[in-house]
Amino acid sequence: MKKIKIDAYALLEKIRAQKPVIHHLTNWVTIYDCAHVVKVLGASPVMAHAQEEVAEMAQIAAALVLNIGTLTPEFVEAMKIAALSANNKGIPVVLDVCGAGATTLRDRKCFELLDEVRIDIIKGNASEVARISGKKVRTKGVDATPVDQNMMEVAKKLARESKCTVAVTGAEDIVTDGRKLYLVKNGHPMMANLVGTGCMATSVIGAFAAVEPDLALAAAAALVCFEVATECAVKGASGPGTLKERIFDCLYHLDRQTLDRMQQVEG
Amino acid sequence: MKKIKIDAYALLEKIRAQKPVIHHLTNWVTIYDCAHVVKVLGASPVMAHAQEEVAEMAQIAAALVLNIGTLTPEFVEAMKIAALSANNKGIPVVLDVCGAGATTLRDRKCFELLDEVRIDIIKGNASEVARISGKKVRTKGVDATPVDQNMMEVAKKLARESKCTVAVTGAEDIVTDGRKLYLVKNGHPMMANLVGTGCMATSVIGAFAAVEPDLALAAAAALVCFEVATECAVKGASGPGTLKERIFDCLYHLDRQTLDRMQQVEG
Amino acid sequence: MKKIKIDAYALLEKIRAQKPVIHHLTNWVTIYDCAHVVKVLGASPVMAHAQEEVAEMAQIAAALVLNIGTLTPEFVEAMKIAALSANNKGIPVVLDVCGAGATTLRDRKCFELLDEVRIDIIKGNASEVARISGKKVRTKGVDATPVDQNMMEVAKKLARESKCTVAVTGAEDIVTDGRKLYLVKNGHPMMANLVGTGCMATSVIGAFAAVEPDLALAAAAALVCFEVATECAVKGASGPGTLKERIFDCLYHLDRQTLDRMQQVEG
């Protein structure tokens, strides 16, 4: 791995110009933040989960974001309907495997989704992704558990087997489509004290995937933008409350100069 | 149309003195902000959606706010039960037709609500209201689509046909009961970068409708207060994150002098 | 009653060291704030409400927090399943009787919960707790109604009869297990202008109950921490919007010196 440059700003400009609709079936804890982060990027979030309308809503979207953070079986059925519609339209589907490993239901529903619809990007923290890749990992709720294995190999294998892009977030993020692999080293430890950074990152990935067909590049660029904004936001924040509001401000104002100067990517 | 003065502050004072209970069946994205905006105005928000309790809850309320932003058929049934109870008590019912035009379900459920219960105020952006008034408009998710027609006439006709007040929000807001028409020119373009301003405006309208029987005046005064607060909030905000918190601060501190000086209303 | 000192900081340190998982079935209005307040304390929140997973999720938790703020009958069934699992594991169950007295459904479901599962801590404002203790109080939505009786005696009686700890929040908070009684005089009137302070206080109590078996002490220490943080947050806040973000900041930075100097407890 060596340091590389990716043109994250070019994709951010596309989002700002195209204003893609990002359809979410996400969790109830962070639903506002997921919508808001997509909006401040310049895209147009829509949250709709009724089984009766999700297929139609997915047809006006440019990407679909699924997040199982507060799943129920009925909600996952709506996800499947939305995802099949997205698959038919050919727009990318991102799945945040939030809390995988915490309960049998979460694991089973993740596997059902991966089996029954096409998921284009799987996103989770190390313990969640390890679990989805078949490891016997017991996660502690929705917070990451240390995983003592080579996550890069786990992610690559999962990407190849699932024919998708895998994004593993943490102090260093791994993004791979099974061939290419990006390591994104941006971000700040303070993010771990903030509920919703993982969910927001997934929504940002959705917005980038809406404008860039190379999904590994899209996901890496999304994480660079979100995490550079977070680094900017930490300056001037007095704690995890003011930090969150500043993340939205910094993401809204993100410019090429800041992105190019601060990005820390290896590939 | 010519510039007029409305006494928005007198109604705000009534809210602060009477502390009316505003019962919401709203969407899950902005539910906190809807409650908070009503609270900082000085009113008392209550969110309750179980079909088993909504009729009883509406009986202790002074206004009912409905918002279809994340509707399901069951949720709309609860709205109908609550609205019938509100109709019987004689308190105003406000309907935010959030996302109308995006899916068949949304359109159908809006028309069902308008047919089966008495809606006193319909509120939406231009494309949503155009759709409800029977225009063939395809909205792009929940964000406004430009509508190339005379919205004032569309709103007036809808108000007359539905025997209600219609509020169309945008760069300039139209409020009409079919006879009187107010144009509210307050607000700031930055509001378009913030998820939830539309939903919050609807909740604010609910609070004003609770204290003023002239519902067109109530809705216009509500929009003046909310948007003047937003203009105040923009000063000192560093982006859409800090802006939102400042809107709550400014609404809480809103005084007669500021309101009288900054209001931009035509009638 | 005379002024006493409790070592709230020692318990806060335990939370920061042990990072207990706090499982919530809470209301949809304040769900983010409940999660965030637990996170900034140093604990690990998890929100899960599917009947299919709540028992399993409660098994990885150190405390369970229930809040009926936006209840449905199905949601309360999930609460019972989670609570029975928590009872079996021997972890504390906290119930926020949010809005008790507002509707028949709320009262009935509170009584069902108290009958069918073991509730270790009942938490509410004066009118809610009075209602649960059998008083004929009609609450006004979810905001407190003045109660003209000796709440200390009401709380003590309820604690003895329900064999649990009772926390009554207000300008002065009462915490009692039926024998010991704490009066917490911290907090700030501005908290009444902020949606969610009651729900957040309950989640904080859950986190303290996870690390301290003396539940009256745990609840009193929790309220001291939350309310001292609020007092710190008011300094520098320009209204109820910025105040909320600052509460998270202040709670995150809370130190022994501040807590010892500012606590106002009688016992």
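This is a predicted model: local features need pLDDT of at least 70, side-chain atom pairs count only at pLDDT 80 or more; totals for chains, interfaces and linings use all residues.
1. Let's start with the strands. Chain A holds an open sheet of 10 strands with mixed pairing, in the order 1-10-9-8-7-6-5-4-2-3. At its edges are strand 1 (3–4) and strand 3 (44–47) of chain A, each of which pairs on one side only.

2. **A helix on the sheet.** Helix 2 (residues 31–41) of chain A packs on this sheet, where it touches strand 2 (21–25) and strand 3 of chain A. The direction of helix 2 makes about 155° with that of strand 3 of chain A.

3. In strand 7 of chain A, the residue opposite A:Ile122 is A:Val166.

4. **Helix 5, its length.** Helix 5 of chain A covers residues 104–116.

5. Which residues of helix 5 of chain A are buried? They are A:Leu105, A:Arg106, A:Lys109, A:Cys110 and A:Leu113. Because they cover an arc of only 130° around the axis, they sit on the same side of helix 5 of chain A. On the face turned away from the buried side you will find the exposed residues A:Thr104 and A:Asp115.

6. **What helix 5 packs against.** The buried residues of helix 5 of chain A pack against helix 4 (73–89), strand 5 (93–96) and helix 6 (126–132) of chain A.

7. **Chains A and C.** The contact between these chains takes 25 residues from chain A and 27 residues from chain C. On the chain A side, helix 5 and helix 10 (240–253) each supply at least two residues. Helix 10 of chain A gives the most to that side, with 4 residues.

8. **Chains A and B.** Chain B superposes on chain A by a rotation of 120° with 0.0 Å of shift along the axis, at an RMSD of 0.0 Å. The two copies are therefore related as by a three-fold rotation axis. The copies use different surfaces, as 12% of the contact residues of chain B recur in chain A. Which residue of chain B comes closest to the rotation axis? That is B:Trp28, whose C-alpha lies at 4.1 Å.

Notes: Residues are numbered from 1 along each chain as its sequence is written. Chains are lettered from A and ligands numbered from 1 in the order in which they are written. The expected span of a helix is 1.5 Å times one less than its number of residues. A residue is buried if 20 or more other C-beta atoms lie within 10 Å of its own, exposed if 12 or fewer, and partly exposed in between; C-beta atoms are placed from the backbone. The arc is that of the directions from the helix axis to the C-beta atoms. Two residues are in contact if their C-beta atoms, placed from the backbone, lie within 7 Å. Copies are superposed by least squares on the C-alpha atoms of residues with pLDDT of at least 70 in both. Two strands pair if DSSP finds at least two bridges between them. Axes are lines fitted to C-alpha atoms, for helices over the stretch in contact, and angles run from 0 to 180 degrees between N-to-C directions.
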